[in-house]
Amino acid sequence: MNERFFDDAELLRKSLTGKLSPKEEARLNEMLGDPALKKVYGELHEKKFLDREWDRYAAFSPREGYLAFENRLLKERLRRTVRWTSAAAVLLVGLVSSALLLLTGEPRQELSRAEIIPPGSPKATLTLADGSRVDITPEQPTALQKDGVNILSEGGTLSYSVEEPTQSTVYHELKIPAGGEFHFVLGDGTQVWLNAGTILRYPAGMTGKERRLYLCGEAYFDVKKDGRRFLVDTEAGTIEVLGTEFGVTGYADEDRLTTTLLTGKIRFTTRNGDSIHLSPGEQIVTLNDGRTLKQQVNVEEFVGWKDGLYVFREKPLKEIMNTFERWYNVSVVYADEAIGERRFTGNVRRYDNINVFLEALSATREVGYRIEGSTIELTTI
């Protein structure tokens, strides 16, 4: 099975659960020129079909289903009669069957109000140069004139504009708590999306000879090109760009920093002084011991959160739950540590209650859960 097969199957899945780019839309229309695939794709939008597939999905183990599917593909390969479009249609049904609950947006079992854990929401604490702090929320619009800039918070977005250009560099800090996120616009027009548990220090006016920021956590940058260097300092190294879109994940409690490039070019300089250039679709992983790895990736898996979708591919459950601990502001404990090593593939809509994911997890008949307050215990079924 070639790489294009899996890419096209992933595109079909994404068309049902996420947002497609113009290029992806064009590729989807090309694929749906195949009558067999178009028929299956149409069925996936019908409620009766989804209900039927859910009942089938709930009745067997995904591991057994995968082994059966793999065995069927092997037989088909031996007969040399499988066309990639038909195989993609089969895989698409499997992918959707395993994610039906996530598409409905509602948990299947009755839960008490105390057991419903909602997603995070826009909130942040802004620390100004003099040390004063301002809590920023969508419910409370804020307008400040401080340190030579105008600061406006409205509707969950923070924006800066330069009031009086100055040669001195004054830093502000934005801290996003667990269960929070924030989008804001820097004084140079650069847009930044910050995920839960993130701290970013940045020049208030962005008027110096270079633009240097300090990040701990997870952020997505859409950098405004203006001829000056744009630098993001992290514990593992420095990212340098002139105008591009990229994501960075580097929390203090994790053993690695990942930098993922969507458009443009960036240069990553490690603490050892090594420079690595990235092109679109590439990622640099820097471990705490200084080792680095450059690789091609599916960028949606690493920056999809910014557009409201978590994408996991063969990811250990413990890593998934680490992400959710920050976003849903919960604690996760494991009845058996081996549970956290099990790997899962799928999508989770970022703004669903966590119960939607937990119900889908429970339906695999491999992992169960129990909620007590803000603590989630994962158990073996």
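This is a predicted model: local features need pLDDT of at least 70, side-chain atom pairs count only at pLDDT 80 or more; totals for chains, interfaces and linings use all residues.
1. The expected span of a helix is 1.5 Å times one less than its number of residues. Helix α9, residues 317–328, has twelve residues. From first C-alpha to last, α9 reaches 16 Å, close to the expected 16 Å.

2. Which residues of α9 are buried? They are L317, I320, M321, T323, F324, R326, W327 and Y328. Note that R326 is on that list. After α9 comes N329, with a positive phi near 55°.

3. Two other residues deserve a look for their backbone angles. Most residues other than glycine have a negative phi. D147 is not a glycine, yet its phi is positive, about 55°. D147 sits in the loop between β4 (142–146) and β5 (149–154). Its relative accessibility is 28%, so D147 counts as partly exposed. R365 also has a positive phi, near 65°. R365 lies in the loop between α10 (354–363) and β23 (367–372). At 45% relative accessibility, R365 is partly exposed.

4. The largest nonpolar core has 39 residues. Which of them have the most contacts inside it? L174, F184, Y202, F221 and F246 do. Strand β11, residues 211–222, gives the most to this core, with four residues.

5. F184 can be followed residue by residue. Leaving out residues up to four places away in sequence, F184 touches T157, L158, Y160, L174, T190, Q191, V192, L194, L200 and Y202. Two of these partners, L174 and Y202, are also listed with F184 for the most contacts inside the largest core.

6. The strand pairing is as follows. β7 (residues 171–175) and β10 (residues 199–203) pair antiparallel over five bridges. E173 stands opposite R201 in β10. β10 and β11 also run antiparallel, joined by three bridges. There, I199 stands opposite C216 in β11.

7. T142 belongs to strand β4. Is T142 buried or exposed? Buried means under 20% relative accessible area. T142 has 14% relative accessibility, so T142 counts as buried. A polar atom of the T142 side chain lies 3.3 Å from the backbone oxygen of Q140. Setting aside neighbours within four places in sequence, T142 contacts V134, I136, I151, L152 and S153.

8. How many salt bridges does a search of the whole structure find? It finds 19. In one of them, the side chains of D352 and R349 meet, at 3.0 Å from N to O. D352 is buried, with a relative accessible area of 12%. R349 is partly exposed, at 29%.

9. R370 forms a salt bridge with E372 and another with E377. The closest N and O atoms are 3.1 Å apart for E372. For E377 they are 2.8 Å apart. R370 is partly exposed, at 45% relative accessibility. E372 counts as exposed, at 55%.

10. One set of charged residues forms a network of salt bridges. Its members are E210, R212, R229, D233, E240 and R267. R212 falls within the residue range of β11, 211–222.

Key
Residues are numbered from 1 along each chain as its sequence is written. Side-chain values use heavy atoms; hydrogens and water are left out. Helices (H or I, at least four residues) and strands (E, at least two) are DSSP runs, numbered from the N terminus. Buried means under 20% relative accessible area, exposed over 50%, partly exposed in between (1.4 Å probe, protein chains only). A nonpolar core is a set of buried Ala, Val, Leu, Ile, Met, Phe, Trp, Tyr and Cys residues joined through side-chain atoms within 4.5 Å. Contact means heavy atoms within 4.5 Å. A polar contact is a pair of N or O atoms within 3.5 Å; within protein, one must be able to donate a hydrogen and the other to accept it, and residues adjacent in sequence count only if both atoms are side-chain atoms. Two strands pair if DSSP finds at least two bridges between them. A salt bridge is a side-chain nitrogen of Lys or Arg within 4 Å of a carboxyl oxygen of Asp or Glu.
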